[in-house]
Amino acid sequence: MSVLTRDEAQTRAQLIDVQRYTIDLDLTRGADTFDSTTVIGFTTRTGGDTFVEVRPADLRSVTLDGHPLDPAALDDNRLPLTGLTPGPHELRVEAAMAYSRTGEGMHRFTDPTDGETYTYTQVFMDDVQRVFAAFDQPDLKAVFDLTVTAPDGWTVLANGVTEHLGDGKWRAATTPLLSTYLVAVAAGPWHSVRTEHRGLPFGIHCRRSLAPYLDADAEEILDITRACYDRYHEKFEEPYPFDSYDQAFVPEFNAGAMENPGLVTFRDEFIHRSAVTDTERQTRAMVIAHEMAHMWFGDLVTLQWWDDIWLNESFAEYMGYQTLTEATRFTGTWVDFGVARKAWGYDADQRPSTHPVAPDAVPDTASALLNFDGISYAKGASALRQLVAWLGEKDFLAGINTHFRRHKFANATLADFIASLAHHTDRDVHAWADTWLRTTGVDTLTATVTEHPGQTALTLTRDGSRPHRVTVGVYDRDLIDGATLVRRELTDLDIPAAPADGEHSLPGPRPALVVPNDQDLTYAKIRLDPHSEETALRALSRVPDPLTRAVLWNCLRDMVRDGELEPLTYLEAARAHLPGERELANVQGVLAFARTQIADRYTTPTERPDALALLTDLCTDLIRRTEDGSNPGLRLTAVRTLIDSAAHADTIRDWYDSGSVPGGPELDPELRWRILGRLCVLGAVDDAVIEAELTQDPSATGRQGAALCRAALPDPEAKRAAWDAMFTTDELSNYLFNATAQGFWQPEQNDLLRPYVARYFPDAVAVAHRRGPAIADAAGRHAFPAHAIDTHTLTLGESCIEDDDPIPALRRRLADQLDDLARALKIRTATAAS
């Protein structure tokens, strides 16, 4: 497919202005294709040539101003429009379009539970052309009139309120000016819960088979939606700009959610079939808040080109966490951000593929797609949090509201936003933007504490160049018990862009612990002074503030990744302190890093059994401590991690056979598939057990569980079948591909899997070329042999990138995976040397 370049988009935007799309979709034409008729009204400013994008299964007819054009002129995804004269034009395109099974374009899914079929669009970036013909770039906004013909019994949802006209025909209200990538349709026999809030129709929707689970959580979802809606109206002067607010939880969705105006689509795993922790409920709430923020950041005011992704994602990320904290019961959201989400940004920013939050220029859409990562989300949100700390919330919100007022229903750039901020402050926001948004990498703040008579002095040495406003926490041991840490003071410090290192006085005796960036207001790694590091390792659970503990856990995590702390020392700290940790987000973040990175990647094969045994011992302790039912979220987290860490089958097989963990919980579908997956890895069950479980749970998630389990069996034939399903037949949907890939590679099966490491690279390149960016991303993320941590894998991967021409989505994933692999190899080497 030809990708749109920035230069081409600028040239086209200078030539034409688009007024209206009239789109008619017919979803009754069978299981493979749907009919798409598009009429585009546009104006040409001068005479010239351009093109419209469309990716049809069959391009049936094209007319321009009533004159037929040759469909054979379609070149890949571009239909030339030549000899245009100045003035208005009408382009009509009739085509059959292919349904997708990869979550791109118009995705079609049949629910194995009840046989019902659902379709929905995901037209982000450049996939609208899979659904209808379009001038597909964000700065050519237009209004959209949409009609859809759907099978009997279906409901059609769209960006505006929809009306059933009879005979399966649905019409959506005309939209305001939108970018093409924000048009949305979701059609099927939805189960819906509808209400009104402040005169606006609200709706939440899911597959019929998920109806009981949606109904159980409907009030929570709607309460969060209402609370965020109200809080955004307190913050923003511009009212919500669309005629309704629907949230559709759709199957096999690649992202967490998509901010389509008036019709937000979410992955339907957010409709929980099984028990979840309160932190996971908080995550769902945050995604709701994030997507609603997009109604202003992205939908009302849209980036002009994809180099300003941060104007969408960083703002929605920051606003989602902040607004959830202010408006709902989830008041600890920044802890979860700090211990989990922020680490995503730190990791991405230390790879060779790093990029500025706001790059100077993104050359094309394929390059832009790669920047939807931990930098555009987590680092960008962290930068905004730092900006608010430096600028003050009053001036920050004033600048935002000016930005909305100046650019509503239009497009804007970084320069536009900075100009809106500068209108309300004397601070040099242009210099701030240059140092924070135009640079790459993570600064490191290292603390040195020096004792003087009657006081101590703190020096913060920065490796980096950004200005920081940080809060330093100073802690003493409690005089009574000698173990608990008591905060002596919080001190705000400004570290300018080019400081000379200076001492900051800390009155009183030497503290037990000094924490730079205590409240996590900046984006920087920290290093503690030696005395504070020792205190943290010994007494981390005795630090009073959960956000401070998140900062300290991140410090230890970064030290492991940088080869400054042995992995087993981190595990021992987790064993010592997680039983006393009160904030579940910290427990989940630490256990996730310990299980997936330390146990599976950073410890050598000979050390791994000890790491798994330590994790099993820790989780057994947590389960024992929660027998009274006082903390079901902690208990569930411990049960999950114990299952994933089990080196022997006996205990978890007993749980599986009895249907419950002694003392609870009973095994719901998620836990049953989790246990069965681990039993498959250990070779303790066969395919007959998987088939029996699938018979008991024939749902979509059951099918994914079965695919994972079969791929995880330590059997040569099972591995061959899984490999062929991923890389040869092209029959797997995106979710079944992911599940198969997640089951395939297992550190316990290294000898069996060794021949597949070399096969992976050419086969991944081939499947990415055939199936496109979504499967390419999945092949690079989930199907990569992450367990094969050796120089041979590195050499194979580097040769693949250099010689085999992987498509951009796969190339980026491979580069990141190889960098992570090299880091793991370096950590293992350093540990062995010590």
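Helix H23 buries Leu753, Tyr756, Val757, Tyr760, Phe761, Ala764, Val765, Val767, Ala768 and Arg771, where buried means under 20% relative accessible area with a 1.4 Å probe and protein chains only. The model is predicted: local features require pLDDT of at least 70 and side-chain atom pairs pLDDT 80 or more, while totals for chains, interfaces and linings use all residues. Residues are numbered from 1 along each chain as its sequence is written, and side-chain values use heavy atoms, without hydrogens and water.

**Helix H23**
- H23 spans residues 750-771 and has a kink of about 45° at arginine 759, shortly before proline 762; the bend is the angle between axes fitted to the seven residues ending at a residue and the seven starting there.
- Its buried residues pack against helices H21 (716-727), H22 (734-744), H24 (773-781), H25 (791-803) and H26 (808-833).
- Glycine 772, with a positive phi near 95°, follows H23.

**Overall fold**
- The protein chain contains 26 helices and 28 strands, which are DSSP runs (helices H or I, at least four residues; strands E, at least two) numbered from the N terminus.
- The C-alpha atoms fill a box of roughly 90 × 70 × 55 Å along the principal axes.

**Burial and contacts**
- Of the contacts (heavy atoms within 4.5 Å) with a separation of 6 or more, 72% join residues 24 or more positions apart.

Key: Buried < 20%, exposed > 50% of the residue type's maximum accessible area, 1.4 Å probe, protein only.
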